[in-house]
Amino acid sequence: MTEQNGTHRAEEIIRKYANLIYRVAYQNLQNKADADDVFGDVCLTVVTKDPPDDSEEHLRRWLITVTINRCKNVRKSFWKTRVDPIDDHADLAANETREVMAELQRLPENYRNVVYLYYYEEYTIAEIGEILGKSPNTIGTWLRRAREKLKGILEE
């Protein structure tokens with residue numbers, strides 16, 4: 001593939017999946033500025049690496065995995081571990097889902113990602129297992145435990 005074709009393909013991927021990348025980043029970080037940074041990093045990865053081209057679904061999963069990994073890097077960064085945020089940015093969720101999204105943030109990271117991918121991105125348990133590199137049984141357990149915790153939180 002020529003460099004020009006690669007750049008053209010990267011542009012197409014970014015245009016098509018920009019909303020997905022940003023939603024996953026924001027859901028993980030709950031901060032607009034950090035989600036913007038992760039979005040930029042993922043776009044750079046799409047341009048510099050060779051994204052899978054065997055199927056749209058494989059590409060979509062690859063983008064989610066790259067985005068989640070970048071979010072983990074942001075949360076582990078020196079700045080994030082040593083500095084408290086001054087204020088929160090307005091969230092992306094609609095009014096009726098703000099409460100649920102806020103409660104979702106109280107869950108452990110692995111539960112949050114599973115719930116988000118299952119309910120908002122509509123992946124199956126097996127597909128989430130492939131994306132996160134875990135067995136379907138583990139994902140099913142995490143989803144069940146997350147539901148139980150969310151139920152308890154929302155009933156309070």
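Thr-45 is buried, with a relative accessible area of 7%. Buried here denotes under 20% relative accessible area, exposed over 50%, and partly exposed the range in between (1.4 Å probe, protein chains only). The model is predicted: local features need pLDDT of at least 70, side-chain atom pairs count only at pLDDT 80 or more, and totals for chains, interfaces and linings use all residues. Residues are numbered from 1 along each chain as its sequence is written, and side-chain values use heavy atoms, with hydrogens and water left out.

The secondary structure of the protein chain comprises 8 helices and 0 strands. Both element types are DSSP runs numbered from the N terminus (helices: H or I, at least four residues; strands: E, at least two). Along the sequence the pattern reads α-α-α-α-α-α-α-α. The protein chain has 156 residues, of which 36% count as buried. Contact means heavy atoms within 4.5 Å. Among contacts in the protein chain with a separation of 6 or more, 70% come from residues 24 or more positions apart.

Thr-45 lies in helix 2. Residues up to four places away in sequence aside, Thr-45 touches Trp-62, Val-66 and Arg-70. Thr-67 is 22 residues from Thr-45 along the chain, and their C-alpha atoms are separated by 9.9 Å.

Two packed helices are described by the angle between their axes and the distance between the axes. The axes of helix 2 (residues 32–48) and helix 3 (residues 56–76) come within 9 Å and cross at roughly 130 degrees. That makes helix 2 oblique to helix 3. Axes are lines fitted to C-alpha atoms, for helices over the stretch in contact, with angles from 0 to 180 degrees between N-to-C directions. Angles under 35 degrees count as roughly parallel, over 145 as roughly antiparallel, 65 to 115 as roughly perpendicular and the rest as oblique. On the helix 2 side, the contact is made by Asp-34, Val-38, Asp-41, Val-42, Thr-45 and Val-46. Helix 3 contributes Trp-62, Leu-63, Val-66, Thr-67, Arg-70, Cys-71 and Val-74.

Helix 8 (residues 136–155) has 20 residues. Its first and last C-alpha atoms are 28 Å apart, close to the 28 Å expected at 1.5 Å a residue (1.5 Å times one less than the number of residues). Buried residues of helix 8 are Ile-139, Trp-142, Leu-143, Ala-146, Leu-150 and Ile-153. Seen down the helix 8 axis, these buried residues fall within an arc of 100 degrees, so they line one face of the helix. The arc is that of the directions from the helix axis to the C-beta atoms. Asn-137, Lys-151 and Glu-155 are exposed, on the face of helix 8 turned away from its buried side.
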